[in-house]
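Open the model in your viewer and keep the sequence beside it. This tour goes from one selection to the next.

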Amino acid sequence: MHTWLQHHFSARSAFVVMSFIALLSCVTAQAQRKSKYMCEEQQPQSMCNAANTCGSALSPCTVDITRGANSANLKPGIPNAKNNQLFCIKVGTTVLWKSSNKNNGFTVSFGTDSPFYPDDPIMGGGKKQVSTKASTPGCYKYDAGAFRSGTVFGMSGGNKGELVILP
């Protein structure tokens with residue numbers, strides 16, 4: 001009976017230890033997994049640098065919104081910028097939203113907490129630039145769409161992007 005009791009307790013102890021190790025590895029894996037959104041990270045402003053910051057208090061940031069095959073493409077006026085990259089803007093910077101496609105229209109919406117003044121959805125097109133001013137620091141997600149005037153199936157797929165407004 002004594003050896004049966006020792007075997008029973010050692011098997012139970014091994015099970016508890018293995019369960020604890022499995023739980024710990026799951027928690028560690030979750031902690032290491034990064035969100036696909038920078039705005040959900042601890043300090044998204046730490047991703048801002050000279051290579052991805054657009055405009056200044058003295059010069060506007062121009063954002064070109066074009067219609068891609070499957071989505072709207074936003075490209076900030078930064079040297080070597082890529083479509084739909086995370087970009088940063090300092091508070092007080094004027095942002096000119098435009099489309100280099102002459103027959104395209106666009107919309108950019110930040111939902112209920114827009115970082116720009118005026119805080120309405122941004123709607124413009126190839127012949128209509130829209131000017132806003134960055135006013136509220138933080139990290140913001142936006143929805144953007146681009147469409148071709150006069151076509152039934154002209155709306156591109158939406159784009160969910162992010163930008164950081166620096167103090």
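Is phenylalanine 116 buried or exposed? Select Phe116: this residue is buried, with a relative accessible area of 2%. Buried here means under 20% relative accessible area, exposed means over 50%, and partly exposed is in between (1.4 Å probe, protein chains only).

A word on the ground rules. This is a predicted model, in which local features need pLDDT of at least 70 and side-chain atom pairs count only at pLDDT 80 or more, while totals for chains, interfaces and linings use all residues. Residues are numbered from 1 along each chain as its sequence is written, and side-chain values use heavy atoms, with hydrogens and water left out.

**Stop 1: the rings**

Rings of Phe, Tyr and Trp (its six-membered ring) pair if their centres lie within 6.5 Å; planes under 30 degrees apart count as stacked, over 60 as edge-to-face and the rest as tilted. The count comes to 3 aromatic pairs. Tryptophan 97 and phenylalanine 116 form an edge-to-face pair, 5.5 Å centre to centre with 90 degrees between the planes. This pair links distant parts of the chain: tryptophan 97 is in strand 4, phenylalanine 116 is in strand 6 (residues 116-117), and they are 19 residues apart. Strands (E, at least two residues) are DSSP runs, numbered from the N terminus.

Phenylalanine 110 and phenylalanine 116 make a tilted pair: 5.4 Å centre to centre, 55 degrees between the planes. Ring pairs link Trp97, Phe110, Phe116 and Tyr142 into a cluster.

**Stop 2: around Phe110**

What is phenylalanine 110 in contact with, leaving aside its neighbours within four places in sequence? Select Trp97, Pro115, Phe116, Ile122, Tyr140, Lys141, Tyr142 and Leu163. Contact means heavy atoms within 4.5 Å.

**Stop 3: the cores**

A nonpolar core is a set of buried Ala, Val, Leu, Ile, Met, Phe, Trp, Tyr and Cys residues joined through side-chain atoms within 4.5 Å. The largest one has 25 residues, and Trp97, Val108, Phe110 and Phe116 have the most contacts inside it. Strand 9 gives the largest share of this core, 4 residues. Then select Cys48, Cys88, Val164 and Leu166: they belong to a second, separate core of 5 residues.

**Stop 4: a glycine**

Finish at Gly68, in the loop between strand 1 and strand 2. Glycine 68 is buried, with a relative accessible area of 13%.
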